[in-house]
Amino acid sequence: MRIYKHFWIATIALVFVLSAIAQAQQATHAFYLTWTDDPTSSISIDWHSDATASTTLKFRKKGTEAWRDFESTVLPYPFSERKVHRVGIGGLSAATTYELMFPGLESVYHFHTMPGDLNTSSIKIAIGGDTMHRKEWFEQTNGIVTSYEPDFVIIGGDMAYENGVAENLQRIYDWFDAYTKTLVTAENRILPCIVAAGNHEVVGGYHSRNPGYEQTNSFRNRIAPYFYSLFSFPGQPGYNVLDFGKYLSLVILDTEHSNPVEGVQTEWLKQTLEERKDFLHVLPIYHVPAFPSVRDYNGTTQTLVRDTWVPIFEQYPIRLAFENHDHAYKRTFPIRNGKIDQTGITYVGDGSWGTEPRPIHSVDDTWYLKVAQSVNAFTLLTIEGSQYSLISLDWEGNVIDSYPQNPLIGK
């Protein structure tokens, strides 16, 4: 009898252990929300865990009781035993709040779909780049960002500074951990994020530094494994466009990192802008600036972007472009045909979300710079109807710039 008793005790203990192991494997280490389709009616949801089999996301429209279950597609996580669990959901209603629960997390989170039009609505976007020299710097800026409750975030490259290599795995762990903890509002609303490729997503920084480069999905995935595996948008080939109904188009470009500027990408850009010439707002977002606040104006990639893409931008009703890479803040005068022109495009940047700021060019001696500071900063852009305005803030929450002088943005 004693033997049987010990057997059952041991069996029960083993069941508890196995159950605990299974729960630990399903636990969500981090999550990430973005879009691969129209943000007025869809969402793309990732979570990272040790589970090698599909796990279940619970999802519902806020205000309803019944949860829907969505089984994840399981994808590899570069250089890690973790797995990426991904669910894409379409057919959602515009300007609506949806709730979700991740495996192993007790909290109920939510997000908003974007409005179907801007006739009676506005949207607010936090934009910047070069986010994580240090995790605590990234988190500090994130805290200011979330206090303004933007609808979503755009990061124009150099997210975790992992350089596409295995030994920097912890940096990407830290980036997603910071996103999960600090790009969520006090009411548990997750801010979806859109990213572009920067030099620190790619082995060697630029495609030309990888011998035998081929403009193929497999080669790009090899030189930028974290970027293509962990961010479902822009996805392959590394540049893409995201349309919000018919009122906003985000054109995400690759400045020589996993794709050449010239050739296929530029032809795609021409076609993409032509197809969207009637949109209210078209915003190009990319990493290396055409009009740098720190680096050499005549640098190779800067000149290539300025000579190849800027004339194309100027053929369309684009009013703002967002640049990064230089680790400072800048806003240019409106520029057209290489001159200050009130009908031209204003370039805003330059990628200092969570990095060590660098010395800037003299504003007085640099023809295109209207404002520049050696400071950590991001920009908060509000779009309302056909109008836009922006304020830029440092990582302590101080407003360092506004454009035009009476911005629409309020906290």
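Guide: Contact means that heavy atoms lie within 4.5 Å. Please keep in mind, too, that the model is predicted.

Visitor: With that cut-off, what covers the buried residues of H3?

Guide: Helix H3, which runs over residues 169–182, is mostly covered, as ten of its 14 residues are buried. Among those buried residues are Leu169, Trp175, Phe176 and Tyr179. What covers the buried residues of H3 includes strands S1 (30–34), S2, S10 (152–155) and S11 (193–195), together with helices H2 (135–147) and H5 (225–230).

Visitor: How far apart are the end C-alpha atoms of H3?

Guide: The 14 residues of helix H3, taken at 1.5 Å a residue, should span 20 Å. The distance in the model agrees with that expectation, because the end C-alpha atoms of H3 are apart by 20 Å.

Visitor: Strand S2 was named in that cover; which residue in S6 does serine 44 stand opposite?

Guide: Strand S2, residues 43–49, pairs with S6 in the antiparallel sense over seven bridges. Strand S6 itself, residues 83–89, is mostly covered, with five of its seven residues buried.

Visitor: Which residue in the turn between S5 and S6 has a positive phi?

Guide: Strand S5, residues 73–76, pairs with S6 in the antiparallel sense over four bridges, and valine 74 stands opposite histidine 85 in S6. The two strands, S5 and S6, form a hairpin with six residues between them. The residue in that turn with a positive phi, of about 60 degrees, is phenylalanine 79.

Definitions and conventions. Residues numbered from 1 in each chain as written. Predicted model: local features only at pLDDT ≥ 70, side-chain atom pairs only at ≥ 80, totals over all residues. Heavy atoms only, no water. Buried < 20%, exposed > 50% of the residue type's maximum accessible area, 1.4 Å probe, protein only. Pairing = 2+ DSSP bridges. Expected span 1.5 Å × (residues − 1).
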